[in-house]
Amino acid sequence: MSRPERRDLGLPALAAGLFVLLAVGLSLFQLFTAGVRPVGLFYQRGLHLALVEVMAFILFPAPGRTASGSSRRISAWAVDGAFIASSVVTALYLTVNLDAIVSRAGVPTLTDTVIGVAAVLTLLEASRRALGWAISAIAVVFVAYAYLGPFLPGILRHGGYATGRIVGQLYLGQEGIYGIPLGVAATFVFVFILFGALLEVTGAGRFFMDLAYALTGRQSGGPAKAAVVASAAMGSVSGSAIANVVTSGAFTIPLMKRVGYRPEESGGIEAAASTGGQILPPIMGAGAFLMAEYTGLPYLEIVRAGLIPAVLYIGTVFAFVHLVAAARGLRGLPSSELPAFGATMGKGWHYLLSLVVLIGALLLDLSVARVGFLSCVAIAALAGGRAVWDRVGGRRSPVRSAGLGPGLLAWLHGGVTRVVDGFVLAGRNTLPVTLACAVAGIIVGVVGLTGLGLKFSALMLSFSQGSLLIALILLLVASLVLGMGLPVTASYIVLIILAGPVLTNEFGLPILVAHMVVFWFSQDSNVTPPVCLAAYAAAGVAGSDPMRTGLHAWKYAKGLYLIPLLMVVHPELVLGGPLPVVLGKAAMAMVTLWAFAASLEGQAFTPLGRGARLLLAGAAATAFIPGSPVGVVGASVAGAYLVRDAWRARVRGAPVTH
C-alpha cells in the first residue's frame, strides 16, 4: 500500500514537516490521555483545539503569492502567523488562568473579553478555511442574534447581550466552544479516527474491499453489492462518508461502471453506501459518542440501539442495487478476476481481531477512551505481529513489497513510517470533525444564552398542530436546510438542542428514539439535492453530473427517511425488548423496505405491472401505521408476493431481465 499522506499535503517542505510533527504530537497526546492518564477538561479540550486550529492554518494557508507563484507574500505569512499565534494564546490563556476565571465567573475582565473575541474569530476563520464559508456564516448569524434581540419581531425578540456576556458564554465556560461537542471530539472521537487511520495505512481497507468482492462479486451487479458492504464497513471506522467515498470509491466506482452501471448510478450507490457507514456500529462517526453524552446512556447501549436500524439501511441499499441489476441484466465479475475468499482471509484475518478487541473492550464496560486506546494498540500490534510472522515465514511481507531493503533497520523504519502515516491521516481527518464540533459549540452557547431552544419548540408545536408526523416532516426539512451549511455532526448537535425537547416532552418519544431520529435525519445532507456532499464527491470520482448523481444517491438512500419513521412507530427496533418481538419487528421492517424498493423500481424478481406496484406500495405503507397487527398483515402480503415472484422467476429458469 502506498504512503501518500505526507507527500500529498500540497505544502512546502517546511510547512509539511511542521504539520507532520503536530499530527504526531496530537496523536501521542491523545493516546496518553486515553490510555495512561486523563487530564483536566479545559486542558484536554484547549490543547486539542489549539493543535487542530494550527494544523488547519498550515494545511489551508491564506491566499497570496508572488507573480511567479513561487512563494507567498509576506502579508499572507503575517496573516497565518497571527492566527496561529492566536490559536496558541487563546488556549494557553484559558488553561493558565483557569482558577482566576472561575473565581470571577460572570464578571469577565477586559482582557478576558479581548482574548475571548480573538478565540471566536480564530475558530471561525479556521472553520471557514477547512469547511467552507457556510458553517462560519451560520455561526455569525447566531452571534448576531445574541446582539440584536431587542430589534427582532415576535417570539424571536429578547433583551440582547453585551460582548462581555456573550464571550463569557462562548469562551469562558463549558456552554460554548469548550462544551460537550468539542469535549466528545477531543476525548473520544479522535482515538477512533486514529484507529480507522491505522486500519487504513496497514492495509485493512484493501482487505475489507477484497473480502466484499470475494463474497458478492460473482452475483448479478456484484461490484455494486461489494461497494455496499465494503463502503459501509470502512465508513463505520473512518467516521466520514465523504472521505470514504473518495477512498473506497476509487476501487468500486470503476468496476460498477465496467459491469454496466451508469456513471451517475455508480456514484449514487457509493455515496449511499458510504453514508451507511456513519450510522453503522460500532463507531457511527461521532454520533454515538455525542448521543452517549447527551442522553447519559452507556456507549454500548447506543451501539446496541443503532445496530438493527443500520442493518435495515444497508439492506435497503442492497435491495435497490439488486433490483437495478436484475432489471437491466447486469452480471457479476468472472471468478478469475475476483480474489479468493480463503486467500483473502488468510492475508487479512488479523484485521478482524482488532474489531474483536474493540467489541470485547466495550462488553467489559471499559471507558470509551480506553476502548479506543486499546483498539489502536491492538491494530498496531497485530499488523506488526503479522509482518514479523510473514518475514520469519519467508513470505513476501508488506514491508518488502513497499520497496524497502531487507535489513532489520529498514524493516523497522517501514513500520514506523506506516504508524506516522496513520498519525498524519488521523490529523487530517480530525480537522472537519473537531472544527465542526467547536463551531457547533458557538451555536449551542447562543441557544442556551437566548432561550432560542424553547422558542423553536414553541414554533414547531405551532406549525405541527400537535401532529407528530408533521413535526417529523418539519424536522426533516430543518435538517436539510441546516445540512446545506453544517456538516453532519454539527447539524445533529444543533437539531437535537433545538428539537429534542419538543420530541420528548411534548410528543412523548423515548429520549433514545428522539436522538436516533434526529441523528438519521442529519445524514441527509450527504445524499439529498441540492446540497449532497458525499454524492458530489462520488461524482468527481465517477466523472458524472453531480446533480444527477445526487438524485440517484437520494433514491438509494431512501432508508434515511423511512427507517426513522419505523423507529417511531416500532420503538422496539431501537429500545429492544423480548427477542421474538424484536426479530419479528426487524423482519417486518426489512420486508416492508424491500417491497417499497420493488414498487419504486418496478422490478422484483421479475418486472412488475402497475397493479403489483400499487399492491406492494400499499402493503409497505401499513408498516407505518401504529399497531402491530396492521403492519404484520401488510408485511405478510408483501412477503407472500415477493416469494411467489421469486418462485415464478425460478420456474422460468432465471430472473427475467430486460
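## A buried salt bridge to start

Asp-80 and Arg-129 are both buried (under 20% relative accessible area; exposed is over 50%, partly exposed in between, with a 1.4 Å probe and protein chains only). Their side chains meet in a salt bridge, 2.7 Å from N to O (a side-chain nitrogen of Lys or Arg within 4 Å of a carboxyl oxygen of Asp or Glu). Asp-80 sits in helix H3 (residues 74-96) and Arg-129 in helix H5 (residues 110-131), so the pair ties together parts that are 49 residues apart in sequence. Helices here are DSSP runs of H or I with at least four residues, strands are runs of E with at least two, and both are numbered from the N terminus.

A quick word on the model: it is predicted, so local features need pLDDT of at least 70 and side-chain atom pairs count only at pLDDT 80 or more, while totals for chains, interfaces and linings use all residues. Residues are numbered from 1 along each chain as its sequence is written, and side-chain values use heavy atoms, with hydrogens and water left out.

Searching the whole structure turns up 13 salt bridges. One of them links Asp-645 and Arg-648 at 2.6 Å, N to O. These two are three residues apart in helix H29 (residues 628-651), so about one helical turn separates them. Asp-645 is buried, with a relative accessible area of 0%, whereas Arg-648 counts as partly exposed at 27%. Elsewhere, salt bridges with shared partners join Arg-262, Glu-264, Glu-265, Arg-328 and Arg-548 into one network.

Arg-262 is partly exposed, with a relative accessible area of 38%, but Glu-264 is buried at 7%.

## The nonpolar core

How many residues does the largest nonpolar core have? It has 205, and Tyr-261, Tyr-313 and Leu-503 are those with the most contacts inside it. Helix H18 (residues 408-450) gives the most to this core, with 19 residues. For the record, a nonpolar core is a set of buried Ala, Val, Leu, Ile, Met, Phe, Trp, Tyr and Cys residues joined through side-chain atoms within 4.5 Å.

Take Tyr-261: setting aside neighbours within four places in sequence, its contacts (heavy atoms within 4.5 Å) include Gly-221, Ala-224, Met-256, Ile-269, Val-321 and Leu-330. Arg-328 is also among them, and Arg-328 belongs to the salt-bridge network too.

## Aromatic pairs

There are twelve aromatic pairs in the whole structure. The rule is that rings of Phe, Tyr and Trp (its six-membered ring) pair if their centres lie within 6.5 Å; planes under 30 degrees apart count as stacked, over 60 as edge-to-face and the rest as tilted. Tyr-171 and Tyr-178 make a tilted pair, 6.1 Å centre to centre with 55° between the planes, and both residues are buried.

Phe-192 and Phe-289 are tilted as well, with ring centres 5.0 Å apart and planes at 35°. Phe-192 lies in helix H8 (residues 180-201) and Phe-289 in helix H13 (residues 287-295), so this pair ties together parts 97 residues apart in sequence. Phe-192 is buried at 1% relative accessibility, and Phe-289 is buried at 1%.

## A nonpolar patch outside

On the surface, Ile-155, Leu-156, Leu-459, Phe-463, Ile-470 and Leu-474 form a nonpolar patch with about 480 Å² of accessible area together. Helix H19 (452-464) and helix H20 (468-483) are the elements giving it two or more residues. Phe-463 lies in helix H19 and is exposed, with a relative accessible area of 60%.

Patches take residues with over 30% relative accessible area and no salt bridge, joining like charges within 9 Å and nonpolar side chains (Val, Leu, Ile, Met, Phe, Trp, Tyr) within 5 Å. The areas come from the Shrake-Rupley method with a 1.4 Å probe, and for residues only the protein chains shown count as cover.
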